[in-house]
Amino acid sequence: MKNSNNKRGRNLCLLAMLALLCIGGAELTALYFFNRPLYTQITEPVLRSVQAAQTAACTAARELADAATACGTYTADKLSAWGEACAETWERLTAPSPDDLPDRQEAGDPELLSDQTITDPAVTEMEIRDGLEVLTGGIVPVVYFNQGEEPWASQLYGSDPISGYGCGPAAMAMAVSSMTETFSDPAQMAQWAVKHGHWAKGNGSYLSIVNGAAEAFGLTPASISELTVEAIQDALLSNQMLVALMGPGHFTKNGHFILLRGTTLSGSVLVADPNSRERSLMEWDPQLILNELSSNTANGGPLWVLSDGTLS
């Protein structure tokens with residue numbers, strides 16, 4: 001009789017667990033379609049933990065294969081093949097759906113050429129401070145990096161060149177180096193982004209790089225839900241910096257990360273464009289920037305505000 005009760009109890013526990021899994025799966029599915037940022041926030045830590053465990057397992061398999069080769073045993077080839085298959089399987093399982101891919105962030109000439117001229121140096125200019133190039137005139141002096149220049153242009157962002165696809169790491173390196181006590185250049189930020197799952201092979205960066213890098217390096221990110229001129233100016237006048245993912249227009253043909261770093265007395269916006277010194281020294285109509293923002297709303301995009309307790 002006791003065994004029967006135990007078996008019945010186990011069956012009830014299994015049914016309860018199955019019900020919870022079904023309910024949880026249904027809720028996650030709903031979040032995927034109706035609240036993608038919350039879905040990403042819930043699932044991303046789990047995926048990263050699984051990825052880390054899988055990577056460790058594949059690394060161990062390759063190390064075993066190397067050891068077997070050194071010993072001259074016949075299992076080396078089998079272990080090596082298993083390690084490669086492990087990596088390939090993981091890549092297939094974790095490949096993002098087309099909806100999750102960011103706008104292709106490939107550096108090049110923008111879709112539209114500006115007829116503006118470089119602004120008066122009294123408003124903004126490029127200076128050398130402590131061996132670094134700095135843009136003046138914004139909420140804080142911005143350490144400037146151009147993704148197409150050495151020593152980082154030829155370095156890799158995952159398997160892609162920083163010069164072509166590194167606007168995300170370059171923009172976040174500028175923000176971190178300017179707003180915190182930590183220095184990071186585009187190559188260092190690219191390595192961090194790859195390690196933490198923000199690199200999108202052949203596309204640039206997932207939009208998660210903004211929140212991820214900001215939080216990791218001591219900044220507070222927030223999405224701007226009301227995309228208005230007033231919202232941009234209020235944020236800039238409150239000593240905050242903005243990250244903008246631009247769509248086709250005066251900054252890119254596809255997708256491109258820039259910083260909004262200040263506002264002028266006339267209401268124009270100053271930017272830091274990691275793909276153009278000239279555009280970084282021009283004044284921009286905030287409405288033009290709003291009109292050319294990407295339509296991608298993943299991870300709080302296309303416009304984020306970064307704040308630091310020391311900038312108030």
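Predicted model: local features only at pLDDT ≥ 70, side-chain atom pairs only at ≥ 80, totals over all residues.
**Entry 1: two cis prolines**

I began with P302, which is found in the loop between helix 10 (286–291) and strand 13. Helices here (H or I, at least four residues) and strands (E, at least two) are DSSP runs, numbered from the N terminus. The peptide bond from G301 to P302 is cis, with omega near 5°. I then looked up E150 and P151, which are also joined by a cis peptide bond, with omega about 15°. P151 sits in the loop between strand 3 (142–143) and strand 4.

Residues are numbered from 1 along each chain as its sequence is written, and side-chain values use heavy atoms, with hydrogens and water left out.

I recorded 10 helices and 13 strands for the protein. Of its 312 residues, 44% are buried. Buried means under 20% relative accessible area, exposed over 50%, and partly exposed in between (1.4 Å probe, protein chains only). Among contacts with a separation of 6 or more, 65% are between residues 24 or more positions apart. Contact means heavy atoms within 4.5 Å.

I looked up two asparagines. N299 has a positive phi of about 50° although it is not a glycine, and its place is in the loop between helix 10 and strand 13. N239 has a positive phi of about 60° and is not a glycine either; it lies in the loop between helix 8 (229–237) and strand 9. Is N299 buried or exposed? N299 is buried, with a relative accessible area of 14%. N239 is partly exposed, at 30%.

**Entry 4**

I followed strand 1 (residues 126–129) into strand 2 (residues 132–135) and found them antiparallel, joined by 4 bridges. Two strands pair if DSSP finds at least two bridges between them. M126 has L135 as its bridge partner in strand 2. The hairpin of strand 1 and strand 2 has 2 residues between the strands, and D130 in the turn has a positive phi of about 55°.

Strand 2 also pairs with strand 3 in the antiparallel sense, over 2 bridges. There L135 stands opposite V142. This hairpin has 6 residues between its strands, and G137 takes a positive phi near 95°.

I wrote down the order of the 6 strands in the open sheet as 8-13-9-10-11-12, with antiparallel pairing. Strand 8 (220–223) and strand 12 (283–284) stand at the edges with a single partner strand each, so one side of each is left without a neighbour in the sheet. Strand 8 is joined to strand 13 (residues 303–307) by 4 bridges, and A222 stands opposite V305.

Which strands does helix 7 touch? Helix 7 packs on the sheet and touches strand 8, strand 9, strand 10 and strand 13, and its direction makes about 5° with that of strand 13. Helix 5 lies across strand 9 (241–246), strand 10 (256–263), strand 11 (269–272) and strand 13, running at about 30° to strand 10. Axes are lines fitted to C-alpha atoms, for helices over the stretch in contact, and angles run from 0 to 180 degrees between N-to-C directions.

**Entry 2: helix 5 with helix 7**

I checked the axes of helix 5 (residues 167–179) and helix 7 (residues 208–216), which come within 10 Å and cross at roughly 30°. G168, P169 and M172 of helix 5 make the contact with I209, V210, A213 and A214 of helix 7.

**Entry 3: helix 6**

I listed the buried residues of helix 6 (residues 186–195), among them W192 and M189. The buried residues pack against strand 4 (156–157), helix 4 (162–165), helix 5, strand 6 (199–200) and helix 7. After helix 6 comes G197, whose phi is positive, near 80°.

**Entry 4: G204**

I ended on G204, which is found in strand 7 (residues 204–205). G204 counts as buried, at 0% relative accessibility. G166 is 38 residues away from G204 in sequence, and their C-alpha atoms are 6.3 Å apart. Leaving aside neighbours within four places in sequence, G204 is in contact with Q105, Y157, Y165, H198 and W199.
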